[in-house]
Amino acid sequence: MRNKLIFLITVLSVSFILAACGNTTGNDENYLSNDTYKILLYKYGEGMEPQASTEKYDGNELITSNKTTKTGIENKKVSVFGYEHELFYSHTLEFSSYDGVYDEYDAKDGLFMLDEETGRIVSYNSYSNKTGDGYKSPVNAHSSRLEFIDYARNILLEYTGVSTENCDAMIKTVKLDTSYKYSKEEIEQDYVNFIEQDPDFSAEYRIIFKRKLDSVYRADTIEVVIGNGGDVISFKCMTSDKKYEPYLNTKIDKEKIINSVEKAFKRDVSDYDVTTQSITLTAIPNGDELWVRADVDYKYINNGETFGGVMQYITIAAG
């Protein structure tokens, strides 16, 4: 029987359903702070239940969306990878963390979002991975990690008009199917490819591009999901240049935030056997404020089994 391993990874969610937190305690002794940043517990998931030590955020969601519907929108036709799709308008979305307003369209073979102002594609999700006659993907199961990243860059530039030249690029294996008996070290690589060991090996790669505000990654969503055979499952490019403009000169003490989050996390999970943890920071514009969200990815042992999850903390960086 073939071994199957599926990692569920998204830009706006984590590998489990995040549960909303309760109200703030209002007790100054119940949160960690320093000269610059006050750390608040934002969300936690189905993993560990945090202890009542860090004050919980009780404000509005940092990233929100608003859905409206227009009338009189005509059908459109767009060509992606040489295949023409007919689009039928569904609704319009506006996000607090992105600059644009996006019209969403259904198609027989996929789901699209177009920028209301420019008409460019900002999001494409394929149902069938159809391509036009004569279209040949430049990558395949034997292609390198860098070749997949370069292909993703070209896709985004061609269809969304956005260059990722100055972005940090990373790749994650989000699905794989193989009969190869891989080692722990092999499966923990970001780009997993066992085609030489298993001719039937299949995988999907999420190629992610990140921009920075000072030393912290922004909340843009710029990514492409590609099968190891070269088929493009989806791409998305939703950016926030205008929303970050007021904060271009903001200095964020990344080390100080991480140190404070580490202390808060240690206190919040003091009753658990945590084996590993890593912290990722994201700068999020919200109204007249700039927040930094810290995602703590962790693993812990319970009754001899290893589990994982994410706990989120936030702090105001400007505003």
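1. By class, seven nonpolar, four polar and eight charged residues make up the lining of the second largest pocket. Here Ala, Val, Leu, Ile, Met, Phe, Trp, Tyr, Cys and Pro count as nonpolar, Asp, Glu, Lys and Arg as charged, and the others, Gly among them, as polar.

2. The model is predicted: local features need pLDDT of at least 70 and side-chain atom pairs pLDDT 80 or more, whereas totals for chains, interfaces and linings use all residues. Residues are numbered from 1 along each chain as its sequence is written, and side-chain values use heavy atoms, without hydrogens and water.

3. Helix α1 (residues 145–160) has 16 residues and spans 22 Å from its first C-alpha to its last, close to the 22 Å expected at 1.5 Å a residue. The expected span is 1.5 Å times one less than the number of residues; helices are DSSP runs (H or I, at least four residues), strands likewise (E, at least two), numbered from the N terminus.

4. Phe 148, Ile 149, Tyr 151, Ala 152, Ile 155, Leu 156, Tyr 159 and Thr 160 of α1 are buried. They lie on the same side of α1 because they cover an arc of only 160° around the axis, taken from the directions from the helix axis to the C-beta atoms. On the other side, Leu 146 and Glu 158 are exposed. Buried means under 20% relative accessible area and exposed over 50%, with partly exposed in between (1.4 Å probe, protein chains only).

5. Just after α1, Gly 161 has a positive phi of about 80°.
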